[in-house]
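Me: I would like to learn how to read strand pairing and helix packing. Where do we begin?

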Amino acid sequence: MSVYLPRPFVVDAVERETADTVTLVIRPQSGLAPAMKAGQFAMLSAFGTGEVPISVSRIARDRLHHTIRHVGEATRALTALKTGDSLGFRGPFGTAWPLAAAVGKDLLVLAGGLGLAPLRPVLDYVMNHRDRFARVSVLYGTREVSQVLFGRDHKAWRSLMSLRMTVDHDVRQPDCAPWSGQVGVITKLIPKATYDAQNTVAMVCGPEIMMRFSARDLEASGIERANIHVSLERNMKCAVGLCGHCQLSNFLVCRDGAVLSYDRVAPLLTVREL
Amino acid sequence: MSNRRHILNADAFDQLFDALRDAGYTTVGPTLHDGAIVYDALTCAADLPVGWIDVQEAGRYAVQDTGSGRYFDYTVGPHTWKRFLRPPREPLFEAIRSGAGVAFHAAAAPEETYALMGVRACDLAALGVLDAVLTGQTYVDTRYATRRSRAFVVAVQCARAGNTCFCVSMNTGPRASAGFDLALTELKDAGRHVFVVEVGSPRGATIAAALGLRDSTEEDWAAARAVSAATAANMGRQLDTTGLVSLLQQEAENPLWNDIAQRCLACANCTMVCPTCFCTTVEIDSDLEQTRASHTQVSDSCFHASFTQMHGGPPVRDTTSARYRQWLTHKLSTWHDQFGHSGCVGCGRCVTWCPVGIDLTAEAARLRASHEERA
Amino acid sequence: MTARPQNRLQTNALCAELTPAQIDKLACLARSEHHTAGTFVFREGELATDLYLIDAGRVGLELCSPRGVHTIDTLDRDDALGLSWMYPGARWLFDARATEPLDLVVIDGQRLHALCEQDTDLGMRLMRAMAREVIERLQATRARLLDFYR
């Protein structure tokens, strides 16, 4: 069987998240859904367009959720899919968030923008296994209130963990409910979270600069780089380590990542055009 | 497998072509075409560039007829064996839509069974490098694996080193000691014209047996090794690889990359002629009714802007400087981290076929000198 | 609101470098204020005379325009609210509105100036903390200028 051959999947439901972002709930056209781990991704393709790497944003018993933002041709076609439509699926690929390493410790989840999607399976896991972790804090930053993802999950999350949110820009219309979170850069939330830096695992996902700024402040607060995990994004074509596109120096991001510990990648992220 | 050694008379060379054809192989190898020695289908020994040599320098390539009557006195040209084992265009699958449903049909398995005639030690090492990338990881490129496992390899031990050759520096040649089915060392003097035939596999032994060859003598074998020793002593280029893996990664921001970029045209010639460059992308063609879409894997190059394109911004490697750095650093340094060995085999093609004559061995040496100056 | 001003001051970012004796001196200048959610602590254009230290609750720094109410920043417990007291005659650039019930420690800017000049060690330490605060807010502003979620 060719590693390049997609499996036909069907859209079971479409959940609109924001103006440009939807969650596709998908299942195989036949057979069982593959086992995916939090942090892993699949290559999704609408008919006639290219494949794009999309992290799994919820792992249900027989359904996979993938949250997709319309940023280009392939994602435009994917976000336009309707219930009952077909799509191609290859995966799962890549490394997972190190949940086992966080058991018994404080867990710090930092999400920026769409970066909350690859981390939602972590939060789902925490919801189902809350007793396995000490303090759990979620720090979530987005551009503006309308970009906040998964609002329907927030109440449940708040019942079992601390959730702090901030937006970079807030313009409130007179008839709108006021934003209850903060305004300002996500790193401002870090000093507000309670964690034992010596006994914390941090998982960070978002735009690369957001991850760098966050990791820098986490490190300054005493968390070792090896306990800070980030999820990198590069141009992936094959997802199986055979096409060469997603190289970042000594890493093939699709094979060695996308989740990597910060100590391994920090020196690479500041080299220009690497 | 003991390396049994035989003697094949040059005037019976066609028998090897016949035996390979009888065994079901399509023989491909060097032949003269449009003023270059390229790889193409061969039916008999006369299809080889008999008597021709190539003259190579950075940015220069020419062929000359020496009238020597020797079959293999040139080195390597613009083609590599990847053109047969991993062609520049590979069908992957077809998506066929009916109603809301879709079916994916994998491309038919490749049927070609090649005999690669005249594989040099550097290129044999390059096949090993491709094997590691395409068949040695978790996921395997099955089309390459299929062709590769079927391919019969007739190696040739180089009797001449080109001016851009540096296999000795890369520890890949000039003598191939394994990885072939048969290996030929051409011996020609006033008295005789023969090949010393080394058998490297059971498959090779079968073919050798079909030829009914006589065993070689100790003198023949000594003469064959002397050929390789002489070639090793005449390398046109050398590259000091000591500590190069970490050195190049440390020099990622050396201004010399910008200097190279002043000359580099980002034409991607080096990646096309490189026997180990494996990068690909995917092209999609769909019919007008949007019911059928074929996905084709095509060769790509890290010199192309689209190679690192991500949504909503310029390519990650936007400048020629960054692209050249990626290519050279990958070959000589990060390949080691990714796959456990060098991505360069010292064949010298990138040096010869660079239209502006950028020499990877010279650039690596300048980076080393710059590094050591500051150390 | 029952804690002594000293205790409420010592956890504030601006007091991080002060000695207990210096915090006591500062506390002598302090008064408490409570604001209910939705009310303003100060308004754009008013004279910036005092330094506000947040003891509990949250403040939004806001600016209104025909497009709506822009929230520039939010400040929480142990943050300093309003840095303009340093320059006599300065006016507030934003509205400060309590978005939650708000407890403040308010220090009279004019008397604080006098104290800093009289106790230069206290002045130095306070200015260093102010500078840190300004740098952090500048860095945060620069990070937001990158608009990296787009």
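Reply: Begin where two chains meet, and keep in mind that this is a predicted model. Strand 9 of chain A pairs with strand 5 (residues 68–75) of chain C in the antiparallel sense, over 3 bridges.

Me: Which residue of strand 5 of chain C does A:D170 stand opposite?

Reply: A:D170 stands opposite C:T71.

Me: How do side chains sit along a strand?

Reply: In a regular strand, side chains alternate between the two faces of the sheet.

Me: In which sense do strand 8 and strand 9 of chain A pair, and over how many bridges?

Reply: Strand 8 (residues 136–144) and strand 9 (residues 162–172) of chain A pair in the parallel sense, over 7 bridges. Strand 9 and strand 10 (residues 182–183) of chain A run parallel and are joined by 2 bridges.

Me: At what angle do helix 8 and helix 12 of chain B cross?

Reply: The axes of helix 8 (residues 256–263) and helix 12 (residues 360–374) of chain B cross at roughly 155° and come within 11 Å. Angles over 145 degrees count as roughly antiparallel, so helix 8 and helix 12 of chain B are roughly antiparallel to each other. Their crossing is right-handed.

Me: Which residues meet there?

Reply: From helix 8 of chain B, B:L256, B:W257, B:D259, B:I260 and B:R263 meet B:E363, B:R366, B:L367 and B:S370 of helix 12 of chain B. By class, this contact has 4 nonpolar, 1 polar and 4 charged residues.

Terms used. Residues are numbered from 1 along each chain as its sequence is written. Chains are lettered from A and ligands numbered from 1 in the order in which they are written. This is a predicted model: local features need pLDDT of at least 70, side-chain atom pairs count only at pLDDT 80 or more; totals for chains, interfaces and linings use all residues. Side-chain values use heavy atoms; hydrogens and water are left out. Axes are lines fitted to C-alpha atoms, for helices over the stretch in contact, and angles run from 0 to 180 degrees between N-to-C directions. Helices (H or I, at least four residues) and strands (E, at least two) are DSSP runs, numbered from the N terminus. Angles under 35 degrees count as roughly parallel, over 145 as roughly antiparallel, 65 to 115 as roughly perpendicular and the rest as oblique. A crossing is left-handed if the near helix is turned anticlockwise from the far one by less than a right angle, and right-handed if clockwise. Contact means heavy atoms within 4.5 Å. Ala, Val, Leu, Ile, Met, Phe, Trp, Tyr, Cys and Pro count as nonpolar, Asp, Glu, Lys and Arg as charged, and the others, Gly among them, as polar. Two strands pair if DSSP finds at least two bridges between them.
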